[in-house]
Amino acid sequence: MSSLGNVRVFTQSAIRIEGTGGTVVYLDPFGLTEGEAAHDATYVLITHAHYDHLSPEDYARVASERTVLVAPASMEADVAGLDAAATHLMRAGEKLELPGLVVEAVPAYNVEPARLAMHPQANGWLGYVLSLDGDPTRYYVAGDTDQNPDNEAVSCDVMLLPIGGTYTCDPLQAAAFANAVRPRIAVPIHYGSIVGTYADFDAFASAVGPAVTVVKKLER
C-alpha cells in the first residue's frame with residue numbers, strides 16, 4: 001500500500017474504494033454530480049439513516065442492476081426501496097464475506113453528552129472495516145461516531161473518520177481517535193459542507209501523531 005489512488009472522497013462522507021481486482025465499493029453516496037454518476041458500484045454500504053448518508057438519488061447514480069447493498073439490520077425498512085440486486089443486513093460484530101469484499105461491522109455511536117440524541121448506540125448504526133479483492137489492506141470507515149469503547153481498538157491500515165464536530169468528533173477529538181487506532185493513513189471526512197470547514201483539516205493534521213500519515217480529501 002503505497003498510495004491512496006484507489007480511494008476517492010466526495011461530499012460529506014461519500015467514499016469510493018476500488019480494489020485491485022476491479023471491485024468497486026461506495027459508502028454513503030451523497031451529493032454526487034451528474035458527472036460522478038458512474039453506475040459502477042459492485043457494492044454500496046450505508047452506515048446510517050440520516051439524509052446525508054442514505055440518499056436514494058445518489059444510490060441510483062452509482063448503482064447498476066448488479067449492485068449489492070450492505071446496511072445495518074436496524075435499517076431494513078429504510079433501504080427496502082433501493083432496488084438492489086441483493087441486500088445484506090449486518091449487526092455490530094458480524095463479518096460478511098462476499099465476492100471481492102470482506103466486511104466487518106463496527107458500532108458507530110456518540111458518547112459526548114451534547115450529541116447523544118444524534119447517533120444513539122441503541123440505533124444499531126455502523127462503521128465498516130473492508131478488505132477488497134484479497135488485498136490485506138484494511139479500510140476502516142468509521143461512520144458518524146465519537147471515539148467509543150467499541151471502535152477505539154479497531155485494527156486497520158487506512159482510517160476514514162469524521163472531524164466536522166456538531167454531530168461527530170471535532171478535529172481534536174478525531175485526532176485523539178486516530179492516535180488511539182494508529183492506522184498507517186488517516187483521511188478526515190464529514191467536514192467542509194454541512195458541518196465543519198476546510199480549516200478543520202489543519203487542526204486535525206497538526207494533532208495527529210507522526211506515525212500516522214494524514215491525507216486530505218479533494219476540496220469541491
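1. In this predicted model, V9 and I15 stand opposite each other, the latter belonging to β2. The strands concerned are β1, residues 7-9, and β2, residues 15-18, which run antiparallel and are joined by 3 bridges.

2. Q12 returns in point 5, as one of the residues in contact with D52.

3. On to the next strand: β2 also pairs with β3, residues 24-27, in the antiparallel sense, here over 4 bridges. I17 has V25 in β3 as its bridge partner. β2 and β3 likewise form a hairpin, with 5 residues between them, and G22 in this turn has a positive phi of about 95°.

4. D52 counts as buried because its relative accessibility is 6%, against a cut-off of under 20%. The D52 side chain makes a polar contact, at 3.4 Å, with the side chain of H53.

5. Which residues is D52 in contact with, leaving aside its neighbours within four places in sequence? They are Q12, D28, F30, H190 and I194.

Methods
Residues are numbered from 1 along each chain as its sequence is written. This is a predicted model: local features need pLDDT of at least 70, side-chain atom pairs count only at pLDDT 80 or more; totals for chains, interfaces and linings use all residues. Side-chain values use heavy atoms; hydrogens and water are left out. Buried means under 20% relative accessible area, exposed over 50%, partly exposed in between (1.4 Å probe, protein chains only). A polar contact is a pair of N or O atoms within 3.5 Å; within protein, one must be able to donate a hydrogen and the other to accept it, and residues adjacent in sequence count only if both atoms are side-chain atoms. Contact means heavy atoms within 4.5 Å. Two strands pair if DSSP finds at least two bridges between them. Helices (H or I, at least four residues) and strands (E, at least two) are DSSP runs, numbered from the N terminus.
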